[in-house]
Amino acid sequence: MVRNRYGAGRAVLAAAWCAALAAAAPEARPQTAAPGDTAGPLGPVAVIRPAGGPLVVVREQPESRLVAIRVAVELREPAGEAARILAEVVRPRLESGAAELGARAAVEVAPSHLVFRVVGPAGEFERLAALLRRGLVVPAGTTATALDAARIQAQARAAAELDTPGPLLRSLLRDALFPALAGSQGGETGPAPLTAERLAQWWAATARPSRVAVTVAGGVEAALVAAEFEDWPAAGAARDRERGPQRPAPQRASPPAPQVVYRAAGLGYRAHRLDPAVLAVAAALLERRLARSGIPGATAELWWNGENRALVLLASERAAAAGRDGQAGASLRERLEAAIADMADRPAAAEVLRVRRRLVRDILFAARTAEGMAEVLGQMLDRTGEPMAAHRFLAALQRVDARAVVTALRALGRTQPQAVEVAP
Amino acid sequence: MASAAAGFGLAGVWGLAGAHAQPAPGRVAVLAEPGGTAVALAVLLNAGSGWEAEDEAGLSHLAARSVAEEVAARLEALDATVSVHCGGTAIGFTLLAPPETWRPAATLLLDALFLSSPGDGAVARARAALEATLRMDDASPAAHARTALREAHYGAHSRWARPPCGRAEDVASYGAGDVRRMLRTRFVPSRAVAAVVGPVVPREALDLLGRELGDVSLPVLLPRPQPPPASRRVWLTQPTVTTWLGWAYPFPPDADPEAVELLAFRIEQAAGPSPAHPEVYDIAVAVERHGAGGALLISLVAAPEHAPRWAARIEDLVRRAGVARLPENAFRDLTRRYLGWRLLELATPEARALDAARQLFFDHSHRPPDEAVRDLTPERLRLAAASLGSPAHAVLGPE
């Protein structure tokens, strides 16, 4: 699903992309954008690696009175207990500090990244950057009680995310499609209980400049941004602990029982070698086809991060019950598979054109705020490790044609999908 | 900075780095933002519910929704979307479009608004959708509390006391003929203000608005509530588990609207839900303006046993704000938060376009929010609070 979320403040290219996991970012990243990369509707960006600092990508928008800063810290293994607890330790300080500056802050635990966002007046940029630099540490005085409270909050948040069928279905499908990247429940710091000291050591080893990407959009100059993020994050005492002891693949704990009223099914087609832009158009076409053929509410999504790519179809039995596709006797899975085959047989050049235009529009609308622009650029950077990935994706979208979509769908149709289901 | 010469009234043009022209009287503004990725157009029409006679209550909202419905599919083909905003003084439209198609999309919307009429089908679809939305709202205690406050403030029989977006029952009774009559009489270019925000060429945007709106040098004439608002009190008893408290503090035409907005923010910050007072469930503070000034509308939802204490607290908060100036440090903290809140409210181009149109509508000029906030002082805040009249008050809660 490359779906527009431009109603809300935070831009999201594709909600499902958050479910995908990132490939390791390359250590050596370009210091400046390649010639010709800076054009396009998203506008020019500055790509900087400040001395001793993280990768910094800046979209200057001089007319904007806001500035959005997005800090993504790539985790060394799928997000687990330590990442979730750290998020809860950091969150209140970040939120209250931002509020004092008339800004808004958020912390997100994505499967492969911890993401910290602040957006506020451009005139407060230096204070906002300082808030992030100071805020993204485990306070020296964190007590066991505070840590316990953060753990409880983290567990409650994780449980709430799986309390409804949709997120649970996506979680199960993600684990089935990318088993090596399944979420860790045990804690990245090893089997010993997590103390404040161990959490600080883990964070110091994780949040190193080579694993941090800062994306900034709004009314601020790139040079100022670069200066703010020099020598940050400071090297921690735990450099030698960057790689934790090898552990067996983490086992997922049993998810909480969701509030399931209708049976829901998901199909995931691995698509590692296919072009994400083509897959995005194919997903959008499939979703329209599913809606027209009588499975309203069904979604077709592109899950993409690095080499981990899949085209995913999700539907509920309630939606399918109202079906008009003449397949009332078929199972939900059969009907979803039929949609792929049907679409592959019936290319519609005009519809491809409309869909790709709509996808481009959705991305541009999502990027119409400073926060949205930082999110569009940052999400694509997280997925690919490339600062100009959003620009390239937009350009690639505009080249997708019906033949490419049909070829991709036929290739997917020849593979065995991963299937998951949740039922009352 | 773009040139302001246009041959018709130009309210303000600002471009790179927030530079802007000196505002001049007029009904259009173009805020060029070269780095944007979408273009927004906002149109406000001097045709809000405050103009509606008894037998046309809710009709202007239905008319606006019918226009939007009429053009929705054609806008969709241009990758554009349109939204409708209802209110007592004005009815508004915001259009959001890609930079490549904003001009045909804007022309399509403005032509539909001023030159043609929606078909029967569009009116029927708009009516069904609006009726469904309003029916849900009609049944909520929150809506009853809002109406009670408007009746306390404007008087039960005033057209201003009715819900500004209409009632389901009223909307259901109108046909396509009623809608077209409303459009012909009130949705006319001379009653409109418009603002464009985004990566546009100012000259082109001004030309387009000039073509559609004609002579924009004269400001709109704002409606005045009749009879004038008064400080009545209304109590409603309903089987609810919470109590709604509402106040409408009137302010005169020469009040300081930016300072009143800051006061609204201060009240919301001071009395809103927080760990310090968990008995407060919600608060909403808004500034409603019209030709005779306006009102600061406060709505607070609290646990019934705490409602009397909070009623006294809110009134004391407003009273003290009009008596003593905030200390400099506290004022600086307040305005810092307020500026951030304002800027975040205006994060999207469509919000900035609507804000610019509202400023043109009421103040006949446009100022960027940071400039307006920078000029605020503790004394302006105090004077704004002191300018408030005796409030109308409404309470909805259990016995």
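A salt bridge joins the side chains of E76(B) and R358(A), with N to O at 2.6 Å. The term salt bridge here means a side-chain nitrogen of Lys or Arg within 4 Å of a carboxyl oxygen of Asp or Glu. Side chains of opposite charge can pair when their charged atoms come close. The model is predicted: local features need pLDDT of at least 70, side-chain atom pairs count only at pLDDT 80 or more, and totals for chains, interfaces and linings use all residues. Residues are numbered from 1 along each chain as its sequence is written, chains are lettered from A and ligands numbered from 1 in the order in which they are written, and side-chain values use heavy atoms, with hydrogens and water left out.

Across the interface of chain A and chain B, the rule finds six salt bridges. Over all chains, the count comes to 48. A second example is D370(B) with R65(A), where the closest N and O atoms are 2.9 Å apart. D370(B) lies in helix α12 (residues 369-374) of chain B and R65(A) in the loop between β2 and β3 of chain A, so this pair joins two chains. Helices (H or I, at least four residues) and strands (E, at least two) are DSSP runs, numbered from the N terminus.

Now the interface as a whole. Chain A brings 27 residues to the contact and chain B brings 32 residues. Contact means heavy atoms within 4.5 Å. The area buried between the two chains is about 2500 Å², and carbon and sulfur atoms give 54% of this area. Buried area is the accessible area (1.4 Å probe) that two parts lose on being put together, summed over both. E63(A), R65(A) and R368(A) supply 31% of the area that chain A buries against chain B, more than any other three residues.

Polar contacts cross the interface too. The rule finds 13 residue pairs in polar contact between chain A and chain B, both residues at pLDDT 80 or more. Such a contact is a pair of N or O atoms within 3.5 Å; within protein, one must be able to donate a hydrogen and the other to accept it, and residues adjacent in sequence count only if both atoms are side-chain atoms. Which elements of chain A give two or more residues to the side that touches chain B? They are α1 (81-100), β5 (113-121) and α10 (349-366). Of these, α10(A) gives the most, with five residues. The residues on this side of chain A divide into 13 nonpolar, three polar and 11 charged. Ala, Val, Leu, Ile, Met, Phe, Trp, Tyr, Cys and Pro count as nonpolar, Asp, Glu, Lys and Arg as charged, and the others, Gly among them, as polar.

Next, the sheets of chain A. Six strands form an open sheet in the order β1-β2-β6-β3-β5-β4, with mixed pairing. Two strands pair if DSSP finds at least two bridges between them. The edge strands β1 (46-48) and β4 (104-109) each pair on one side only. From one strand to the next, the twist averages 15°. Strands β3 (residues 66-74) and β6 (residues 212-218) of chain A run antiparallel, joined by seven bridges. V73(A) has V212(A) in β6(A) as its bridge partner. Helix α11 (residues 370-384) of chain A packs on this sheet, touching β2 (55-60), β3, β4, β5 and β6, and its direction makes about 20° with that of β3(A). Axes are lines fitted to C-alpha atoms, for helices over the stretch in contact, and angles run from 0 to 180 degrees between N-to-C directions.

Another open sheet of chain A has four strands in the order β8-β9-β7-β10, with antiparallel pairing. β8 (299-305) and β10 (418-422) stand at the edges with a single partner strand each, so one side of each is left without a neighbour in the sheet. Here the twist averages 20° from one strand to the next. R270(A) stands opposite A310(A) in β9(A).

Finally, the backbone. Most residues other than glycine have a negative phi, and most peptide bonds are trans. The bond from W232(A) to P233(A) is cis, with omega near -5°. P233(A) is in the loop between α6 (222-228) and β7 of chain A. D231(A) lies in the loop between α6 and β7 of chain A, and its phi is positive, near 50°.
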